[in-house]
Amino acid sequence: MRDQLPAARAARVRQREEGAPPHEGAPSRPETPRRHRRFVLPVLAAASVVALLGGCSDSGDGTASVSAKGTPPSVEKLGGALECKVKVTKKVEDYRLGSCKKDKTLFTMVTFKDNRAKRGWLDYSKPYGGTYLVGSRWLVLADSDKKLIPVQAKFGGTIEQGASHGHGRS
């Protein structure tokens, strides 16, 4: 293989195989395998783009959603969009839960420390039914998506349906 390489490169390969430093008198440094070096710059560039664009996203309908690192709206602000006074009923390490009633409809608002806690809460709650307006690190629960429109107009989010239990007549 050394016979096919230019003389200078063949010397470096021979020195590397023999364990000598690449230049006499220079300290040796570990060589990074060529296949890894090739991917360093593209990976760093992609990570930079994600970091720059990850701050805030626009849903396209004129409402911006809060980034994962930003602060979600409080349960009081979520209730304010519904024009009802929220009573905080649970405050634990992972989430803060409040509820309010307006026009005989019970709304439940929850803010979370991170989106993983939110997803766990949703996975546990959805089998019980309901309609969820879900944002970044927050959600509002009601009995229909039409009742969640004021919150969605102010804070964005997407509608997710809980399980349907078929309580109607056939």
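The buried residues of helix α4 pack against β4 (95–102), β5 (105–112), β6 (131–135), β7 (138–142) and β8 (158–161). Contact means heavy atoms within 4.5 Å. Helices (H or I, at least four residues) and strands (E, at least two) are DSSP runs, numbered from the N terminus. The model is predicted: local features need pLDDT of at least 70, side-chain atom pairs count only at pLDDT 80 or more, and totals for chains, interfaces and linings use all residues. Residues are numbered from 1 along each chain as its sequence is written, and side-chain values use heavy atoms, with hydrogens and water left out.

Helix α4 spans residues 115–125, and its buried residues are Ala117, Lys118, Trp121, Leu122 and Ser125. Seen down the axis of α4, these buried residues fall within an arc of 135°, so they line one face of the helix. The arc is that of the directions from the helix axis to the C-beta atoms. Arg116 and Tyr124 are exposed on the other side of α4. Buried means under 20% relative accessible area, exposed over 50%, partly exposed in between (1.4 Å probe, protein chains only). At the start of α4, a side-chain oxygen of Asp114 lies within 3.3 Å of the backbone nitrogen of Arg116.

Glu76 belongs to helix α3 (residues 75–81). Its relative accessibility is 35%, so Glu76 counts as partly exposed. Leaving aside residues up to four places away in sequence, Glu76 touches Val86, Val88 and Arg96. The side chains of Glu76 and Arg96 are joined by a polar contact of 2.8 Å. A polar contact is a pair of N or O atoms within 3.5 Å; within protein, one must be able to donate a hydrogen and the other to accept it, and residues adjacent in sequence count only if both atoms are side-chain atoms.
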